[in-house]
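Subject: Structure for you to look at

Hello,

Here is the structure I promised to pass on. Please open it before you read the notes.

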Amino acid sequence: MDKLSILLPVLPLLSALTIALFAHRARRATARVSVGFAALTFLLAAVSLGAYLLEGEPRWYALERAWGSLYLDPLASLMTLMVAGISFVVHVYAVRYMAEEPGYARFYVLLDLMTAAILLMVAAGDLVTLLVAWHLIGVLLYFLLAHDTVRPAAQRYAFWSFFTYRLGDLPLILAAVLLYRAYGTTSLPELFDSITAAPGAHVVLGMPLETVVALLVALAAFARSAQFPLHTWLPYTMEGPTPVSALMHAGIVNAGGFILNRFAPVFVHAGEVLHLVFAVGLVTAILGSVLMLMQNDIKKSLGYSTMGQMGFMFVEAGVGAFSLAIYHLIAHGLFKGTLFLGAGSVIGNARKDDGVPHDDVYTFVVERKPVAYRLPWVAAAALTVVVPFAILGLSHWLVDDDFVGRQGAIILLFFGWVTGAQLLFVTYRLRAGSPWRMMAMIILSLVIVVAGYTWIGHAFDVFLYPDRGFSDRLYAAASIPLGTFEVLAAILTAAVVGGWLATYYATANGGARSGPASPLRLALYSLLSREFYVADVYAWLTQAVLALSRRLNVWFRWV
C-alpha cells in the first residue's frame, strides 16, 4: 500500500493519455474520466499523508538511475494533498464552465498534465526531477492561459507569463549546477545532509556556496510567485479561463513558498538572503494590497490580492517562519481558489443587482439617513491599539513561551497587531444600534481566529520541522543586530499608534476634506492608477530592444 504513493503523479498522466487516445470525441466521457482520475489522486494523496502520520518517517522512491526519484517528507505530503484537493475541485467546476468552449478535451488534457507536473515538483527527490517539473509547469501554464486561441489578449499575456517563468528557470538551473559540482550528487536529502554536516566548505566567487545558491533559489521564487518587480504577469493572467486562475493557487503562483521551504537547509546558512526575501516580500505585499483597491475588474483585483498575499508569504519566510509560510500558502490557496471559482457568479449577480445590502452602511452612504451611534473615538482608539496586541501576545505565549526571544516572531506579531487594529477600525466606522455589543462580538471573533491561527501555525512548525534546534537556527539566521531591531520596532510602533490616533480623531470630526484635490493627491492617484508605471517601463524596454534588433539587422544584413 505504501508504494502506491508512486502513482501520485502517474494517475493524472494516465488520465491525460486516456482522454487523448479514447475519450476526446465525447465531452461527457472526457469529463467523467478526468474527474474520476482527479478523485483517485486526491484519495491517494490523503492516504499518503495518513501513512506518513502513522509511520513518522520520510519515504524515498527512485529509479535505478540518479534521477527520477520521489521524496515524500512532511512538506511533500502536505503539498500533494493540497494540490490534489484543489485540482479535484477545479476539475469538477470545469465540467460545466468549459462546456460551451471549443477544445474541451484539450483543456482537460492540459489540466491533468498540469496536475501531474505540480505533484512531481512538490514530491521531487532530486535536482533533475525538480527542474523538469519546474520547467513543465511554466510551459503548461502558457497553453492553459492561451486556451482561447481567438482572443489576442489571452495569447499576449500567456506569452508574458511564459517569458517571466523562463527568466525564473535560469537561476534555479544555475543553483542546481553549482550544487552538483560541489557535492557530486543530485539527491536532495544527500545534498542537505552534506551542507548541514559541513557548512561553508565550498566557495563561489569568494562567497559561501550556501549564500550563492540561496540567492539563486530566491530569485527563481521571486519570478514564480510574482514578487516586485517581476509581478506584472500575474494580474494579466486573468484573461485565461477561470478554472486556470483557481488552479494557479495549487502550487503554481505559490510555488515560491514551497521552493524556499524545500531549500530551508540552505537558507539557514544564508541570513543575508533572508533579509532580501523579507524586503522584497514587504514591498510586494504593500504594492499588491494598494493596487488591489484600485481595480474595477474583480478577477484583476483578486490577482493583485494574490500578489499581496504572496508578498506576505515571503515576509514570513524572510523572518525565519518557514512553516508559517506553508500554512499561509495552503490557507490562501484554498481561500483564493474558492474566490476565483465564485467570481463569475458575483459578476452575474452584479448585473442584476448592485449587491449592496440595505444595512447601516447603505443607509448612511446612499440614502443619507441618520444611523446608529459609534463608540467614543478615544475608547475605540484605545481598544484598537491594546486589544489586538494583548490577544496576539497571549495566544503566542500560551503556545510557545519562548517566542519573545525570536525577532521573526515579534515582526509577525507586529503585522498581526496592525491587521487586528484595521479590523477594529472598520468595525468602528460601520456603526450599529449597540456599538459596544458589536465591538465585543468582533473582539471575541478575533480571539477565536487568532487562537486557531496560532495553534495551527505552531502545529505546522512541529510537523514540518520537528527539530526545534533547526527552527531556532532559521529564526536566528533571519535576525538583525538587537539594537537596530529595537530602534526600528520603536519607530514603527510609534508611527502606527500615532497614525491610528490621528485616523480616529479625523473620522470622529468629519474626516473627509471637501473641495478640489491637491496636486499631491492627484499625482498619487495617477501613480496608483498606472500601477506604478512598471508595465509601461517594460513596454518601453521591449520597444527599445526591438528597435535595436531591427537596426542590427540592417547593419549586419542578417535579414
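Below are notes on a helix pair and on some backbone features.

First, the model is predicted.

**The helix pair**

Two packed helices are described by the angle between their axes and the distance between the axes. Look at helix 3 (residues 74-97) and helix 15 (residues 322-341). Their axes come within 11 Å. The crossing angle is roughly 0 degrees. Angles under 35 degrees count as roughly parallel, so helix 3 is roughly parallel to helix 15.

Which residues make the contact? Helix 3 brings L75, L78, M79, M82, I86, V89 and Y93. Helix 15 brings I326, L329, I330, G333, L334 and L341. By type, the residues of this contact are 12 nonpolar, 1 polar and no charged.

**The backbone**

Most residues other than glycine have a negative phi, and most peptide bonds are trans. Here are some exceptions.

Go to the loop between helix 8 (209-224) and helix 9 (233-236). P229 is found there. A cis peptide bond joins F228 and P229, with omega at about 5 degrees.

A226 lies in the loop between helix 8 and helix 9 too. Its phi is positive, about 55 degrees, although A226 is not a glycine.

L205 is also not a glycine, and has a positive phi of about 55 degrees. Find L205 in the loop between strand 3 (203-204) and strand 4 (207-208).

Are these two residues buried or exposed? A226 has 0% relative accessibility, so A226 counts as buried. L205 has 82%, so L205 counts as exposed.

Best wishes

Technical notes. Residues are numbered from 1 along each chain as its sequence is written. This is a predicted model: local features need pLDDT of at least 70, side-chain atom pairs count only at pLDDT 80 or more; totals for chains, interfaces and linings use all residues. Side-chain values use heavy atoms; hydrogens and water are left out. Axes are lines fitted to C-alpha atoms, for helices over the stretch in contact, and angles run from 0 to 180 degrees between N-to-C directions. Helices (H or I, at least four residues) and strands (E, at least two) are DSSP runs, numbered from the N terminus. Angles under 35 degrees count as roughly parallel, over 145 as roughly antiparallel, 65 to 115 as roughly perpendicular and the rest as oblique. Contact means heavy atoms within 4.5 Å. Ala, Val, Leu, Ile, Met, Phe, Trp, Tyr, Cys and Pro count as nonpolar, Asp, Glu, Lys and Arg as charged, and the others, Gly among them, as polar. Buried means under 20% relative accessible area, exposed over 50%, partly exposed in between (1.4 Å probe, protein chains only).
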